[in-house]
Amino acid sequence: MKSLLRHLLLISAVISTILSTPLAAKTLADVPLANEIVLSEQALQLNGAGIRSKFFMDLYVGSLYTQSPSQTLESVLNAPRVAIRLNIVSGMITSEKMQDAIIEGFDDATDGEPEAIQPQIDAFMALFSAPIAEGDQFTLEAVKDLGVTAYKNGEKQATVEGEAFRKALLKIWLGDKPAQKSLKRAMLGE
């Protein structure tokens with residue numbers, strides 16, 4: 001009887017450990033993607049993820065985290081809180097190249113008229129002035145009617161305020177002229 005009780009306690013402990021361990025939803029380009037992330041004490045679920053590539057080279061894994069499943073730009077823009085996470089998988093990405101890509105992304109997201117949010121863009125671009133290395137992770141927490149808080153490798157960098165800025169930033173990956181159409185579809189879970 002004691003032996004049976006010990007086995008049951010052992011099985012219970014193993015199951016408890018398994019259930020309390022965060023599991024990765026999947027892996028892309030050797031980057032494990034969490035099913036859930038917590039930012040500002042709010043849980044967000046993995047909505048979708050894909051790989052940004054150029055000339056057949058993987059550059060980064062982009063993932064979208066939401067409070068509830070979102071398959072359209074409108075649902076993401078109307079959500080109270082979402083996050084885009086970029087995991088750098090190529091040493092080819094430098095600060096300069098990232099800045100150039102983001103500037104181009106804001107230009108596309110604003111239909112060539114970024115002037116109205118230029119001060120916010122400038123503040124955001126300063127976050128990418130430090131060297132970028134393979135393995136770096138950027139998390140962009142977008143909160144409706146507030147703006148975007150940026151994290152690098154889990155450390156909070158800064159918050160850039162402004163609703164128009166928040167929408168334009170999300171459109172870089174999810175808008176009509178996204179960084180890459182296949183990445184947009186993957187992030188929206190299509």
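**Trp173 and the packing around it**

Trainee: What does Trp173 touch, leaving aside its neighbours within four places in sequence?

Mentor: Trp173 is in contact (heavy atoms within 4.5 Å) with Tyr60, Ile84, Leu86, Leu140, Pro178, Ala179, Leu183, Lys184 and Met187. This is a predicted model, where local features need pLDDT of at least 70 and side-chain atom pairs 80 or more, while totals for chains, interfaces and linings use all residues. Residues are numbered from 1 along each chain as its sequence is written, and side-chain values use heavy atoms, without hydrogens or water.

Trainee: Which residues touch the most other members of the largest nonpolar core?

Mentor: Phe106, Phe124 and Trp173 do, in a core of 39 residues. Such a core joins buried (under 20% relative accessible area, 1.4 Å probe, protein chains only) Ala, Val, Leu, Ile, Met, Phe, Trp, Tyr and Cys through side-chain atoms within 4.5 Å. Helix α5 gives the largest share, seven residues. A second, separate core has 13 residues, including Leu39 and Tyr65.

Trainee: How confident is the predictor, by mean pLDDT?

Mentor: On the pLDDT scale of confidence in each residue, from 0 to 100, the protein chain's mean is 89, and 87% of its residues reach 70 or more. Over residues 4-24, though, pLDDT is below 50.

Terms used
Buried < 20%, exposed > 50% of the residue type's maximum accessible area, 1.4 Å probe, protein only. Helix = DSSP H or I, 4+ residues; strand = E, 2+ residues; numbered from the N terminus.
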